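Reader: I am new to reading protein models. Please take one part of this structure and walk me through it closely.

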Amino acid sequence: MGSKPDGTRPPADGDRPSLYALVTYLPHPLGGFLDELRLEMIPGCNPHAHVSVLPPRPLPVAPESAIEEARAIVAVFAQFEIELGQVEKFDVTDVIYISVEAGAEQLRRMHRRLNAGALAFQEPFAYHPHVTLAQEIEPGKVETLSALAARRWREFSGPRRFLAETAVFVRNTRGNHWIDLAKTPLSAAPAG
C-alpha cells in the first residue's frame with residue numbers, strides 16, 4: 001500500500017472507522033419490489049429498502065451510547081405515513097432514487113432533532129428524504145438505469161404508502177454491508 005502525498009499511509013480497511021445510520025425500512029410488498037429493482041439495476045448489491053433518518057456517519061462515542069441517545073429522541077415522535085413519489089437523480093452524485101412525498105417534513109424534523117449531541121455530523125449534502133435505488137454507477141449507465149427504474153416504478157401496482165413505525169440503528173461492515181444493531185418504535189400516538 002502506497003503513501004499519500006503528505007507521506008502518511010491511507011488507513012487499512014480494518015482501520016477505517018465504522019459508519020452508523022438510523023433508518024426506517026419499507027414493508028412488503030413495497031420493500032420487496034424495490035429490493036428486486038435495485039438488484040436488477042446493480043447485480044450483486046445487498047439491498048434492504050429504507051429511508052435514512054440519519055445518513056451514515058462516524059460516532060465520537062460508543063455505539064451503545066449513541067443508540068440510547070437515539071432511542072430517547074425517537075420515542076417522542078409519533079408514527080406517521082410515508083408516501084413515495086417519482087424516480088429522480090441527484091445531479092452531483094448520479095444517485096438514482098425515489099422521492100418521498102408525504103412524510104418528508106416529519107423525516108426532516110426527526111433528522112434535525114437527531115443530528116445533535118453524540119449523533120451530530122457535518123453531512124456533505126443537505127438532508128433530502130429518499131429511497132436509494134442505485135449509486136456508484138458507471139458514468140455511461142446512469143441514464144439507462146434511470147429510465148429502467150422509472151419504467152419499473154410505473155409498472156408497480158402495489159401500495160406506495162406505508163406507516164413508519166420503527167427506526168433501526170445500523171452499522172456498516174466490511175464489504176459495504178449493513179447490520180441492524182437496535183430497533184426503536186415510534187410512539188403509537190402523537191406526543192401531547
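Author: Start with a definition: two strands pair if DSSP finds at least two bridges between them. Keep in mind that this is a predicted model. Strand β4, residues 96-100, meets that rule with β5, for four bridges join the two in the antiparallel sense. Within this pair, Ser99 faces His130 of β5. Now look at β5 itself, residues 130-134. Five of its five residues are buried, so the rest of the structure largely encloses this strand.

Next comes the open sheet. Four strands build it, in the order β2-β1-β7-β8, with antiparallel pairing. β2 (50-57) and β8 (177-185) stand at the edges. Each has a single partner strand, so one side of each has no neighbour in the sheet. On average, neighbouring strands here are turned by 25 degrees against each other, direction ignored.

Move to β1 and β7. β1 covers residues 20-25 and β7 covers residues 166-173. They run antiparallel and share four bridges. Find Tyr20: the residue opposite is Arg171 in β7.

Two helices pack on this sheet. Helix α2, residues 63-74, touches β1, β7 and β8. Its direction makes about 45 degrees with that of β8. Helix α3, residues 104-114, touches β1 and β2. The direction of α3 makes about 25 degrees with that of β2.

Now zoom in on one residue of β2, Arg57. Is Arg57 buried or exposed? Its relative accessible area is 1%. The cut-off for buried is under 20%, so Arg57 is buried. Its side chain makes a polar contact of 2.8 Å with the side chain of Asn115. A polar atom of the Arg57 side chain also lies 2.7 Å from the backbone oxygen of Leu119. Leave aside neighbours within four places in sequence, and the contacts of Arg57 include Ser18, Leu19, Tyr20, His111 and Glu123.

Finish with the nonpolar cores. The largest has 48 residues. Leu34, Leu84, Leu114 and Phe169 have the most contacts inside it. Take Leu34. Beyond its neighbours within four places in sequence, Leu34 is in contact with Leu26, Ala49, Leu84, Ile98, Val131, Leu133 and Trp153. Another core, of five residues, lies apart from the largest one. Among its members are Val23, Tyr25, Val168 and Val170.

Technical notes. Residues numbered from 1 in each chain as written. Predicted model: local features only at pLDDT ≥ 70, side-chain atom pairs only at ≥ 80, totals over all residues. Heavy atoms only, no water. Axes fitted to C-alpha atoms, helices over the stretch in contact; angles between N-to-C directions. Contact = heavy atoms within 4.5 Å. Buried < 20%, exposed > 50% of the residue type's maximum accessible area, 1.4 Å probe, protein only. Polar contact = N/O pair within 3.5 Å; in protein donor to acceptor, adjacent residues only side chain to side chain. Core = buried A, V, L, I, M, F, W, Y, C linked by side-chain atoms within 4.5 Å.
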